[in-house]
Amino acid sequence: MNEQALTPQPSPVPNPTPAKAPRRSHRRSHRLRNALIGSVAALALAVGGTAAWALDRFVIDHVEVSDVAAYEAEHSTTASASASGGASSQTDANSTASESSETVTSLTDTSYASSDGTSVTITRGSYGSGSDAATYYVADVVVSDATDLRSAFAGNAFGGNITDLVSTIATQNNAVLAINGDYYGFRDTGIVIRNGVIYRDEGAREGLAIYEDGTMEVYDETTTDAQSLVDQGVWQTLSFGPALVEDSRAVDGIDSVEIDTNFGNHSIQGDQPRTAIGIIDDKHFVFVVVDGRSSTSAGVTMSELAQIMVDLGATTAYNLDGGGSSEMWFNGEVVNSPSNGGERATSDILYIGSAQ
């Protein structure tokens, strides 16, 4: 606040005759003071209201489903959707346990493979040069069954502002590989289907659907509904975007896309840390996390991310939540260097579970 010097005033000359002017001046000063107090009070209320809104919008948990594992076990029409494997009888449970005990796995610092055909291979790549150079990490994922590509929510709960570290969510779900998801908890729109179960049906944008048969496509949320998608065999949906690659070609104009109109989530332009998912062939996926906002990795634009996905062989690819949320986790370790200097809490992950 700027301060002004006070100019000394001459001493008042005594006035032996009482006058009314000073009293009018006093009344004016009183009114001005009251007006000032009222303005300050109104400002305080406004600020308080804004703070309360911000707390409610971004901080306070809004739990809609308190036990996701139980909810999925109850509502899933796919046996493998439940955390327990979905066995409907003791015979099924014994069979599942027997099959699990026969699964053989191998694990290194950069790879995972199970005898049932699921595999993960981690590689590191670079894009650009000089001050624009970026480092990215690729998880090449082949699944024996598309339902092996799973989603998990922070705290085993669904709702707004419920967050946890990717490493924590991954560990709690016995994952071998995990990336951050679409941060569904930041918004209250979009179609959210996870592990074959409907959680939200508020179509608003361009979404991604992953099917139980191992295929993947970009779709318009506003032209369908969640139940129709489940009836068509959708296993996972993601609601962020935009689409990066369709028909093996980078999508035009994506550098100017505004993915949302809600506060704090307008722009996705420029070099940024990024997370994306693509599909190369049925049941063959590729996860990509790009580091950014650092002296060693500038990040990439949306078009550059699309080109990375094309170069990896993706026929369809989709942008997920990025920035400080971008993270890849494998076998107990964070693979990349998140731009926050460490892991950022998020609302959900995509992961491949360990058969061990």
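Tutor: A salt bridge is a side-chain nitrogen of Lys or Arg within 4 Å of a carboxyl oxygen of Asp or Glu. Please note that this is a predicted model, in which local features need pLDDT of at least 70 and side-chain atom pairs count only at pLDDT 80 or more, while totals for chains, interfaces and linings use all residues. Residues are numbered from 1 along each chain as its sequence is written, and side-chain values use heavy atoms, with hydrogens and water left out.

Student: How many salt bridges does this rule give?

Tutor: The count is two. In one of them, Asp 182 and Arg 194 meet through their side chains, with an N to O distance of 3.0 Å. This pair links distant parts of the chain, Asp 182 being in the loop between strand 8 and strand 9 and Arg 194 in strand 9, 12 residues apart. Helices (H or I, at least four residues) and strands (E, at least two) are DSSP runs, numbered from the N terminus.

Student: Which residue forms a salt bridge with Arg 194 at 3.0 Å between the closest N and O atoms?

Tutor: That residue is Asp 348. The pair again joins distant parts of the chain, with Arg 194 in strand 9 and Asp 348 in strand 21, 154 residues apart.

Student: Is Asp 182 buried or exposed?

Tutor: Buried means under 20% relative accessible area, exposed means over 50%, and partly exposed lies in between (1.4 Å probe, protein chains only). Asp 182 counts as buried because its relative accessibility is 1%. Arg 194 is likewise buried, with a relative accessible area of 1%, and Asp 348 is buried as well.

Student: How should I read polar contacts?

Tutor: A polar contact is a pair of N or O atoms within 3.5 Å; within protein, one must be able to donate a hydrogen and the other to accept it, and residues adjacent in sequence count only if both atoms are side-chain atoms. Asn 336, in the loop between strand 20 and strand 21 (348–353), has a side chain joined to that of Asp 291 by a polar contact of 3.0 Å. A polar atom of the Asn 336 side chain also lies 3.2 Å from the backbone oxygen of Ser 326. Asn 336 is buried because its relative accessibility is 5%. A further case is Ser 167 in helix 4 (residues 166–172), whose side chain makes a polar contact of 2.8 Å with that of Glu 343.

Student: Which residues does Ser 167 touch, apart from those up to four places away in sequence?

Tutor: Contact means heavy atoms within 4.5 Å. On that basis, Ser 167 touches Glu 327, Trp 329 and Glu 343, not counting residues up to four places away in sequence. With a relative accessible area of 15%, Ser 167 is buried.

Student: What is the order of strands in the open sheet of five strands?

Tutor: Two strands pair if DSSP finds at least two bridges between them. The order is 6-21-8-19-20, with antiparallel pairing. Strand 6 (149–153) and strand 20 stand at the edges with a single partner strand each, so one side of each has no neighbour in the sheet. Strand 6 pairs with strand 21 over five antiparallel bridges, and Leu 149 has Ile 352 of strand 21 as its bridge partner.

Student: Finally, what of the backbone angles?

Tutor: Most residues other than glycine have a negative phi, and most peptide bonds are trans. Tyr 183 has a positive phi, near 55°, and lies in the loop between strand 8 (175–180) and strand 9 (190–194). Asn 331 has a positive phi near 50° and is found in the loop between strand 19 (328–330) and strand 20 (333–334). The peptide bond from Gly 241 to Pro 242 is cis, with omega near 10°; Pro 242 is placed in the loop between strand 13 (234–238) and strand 14 (243–246).
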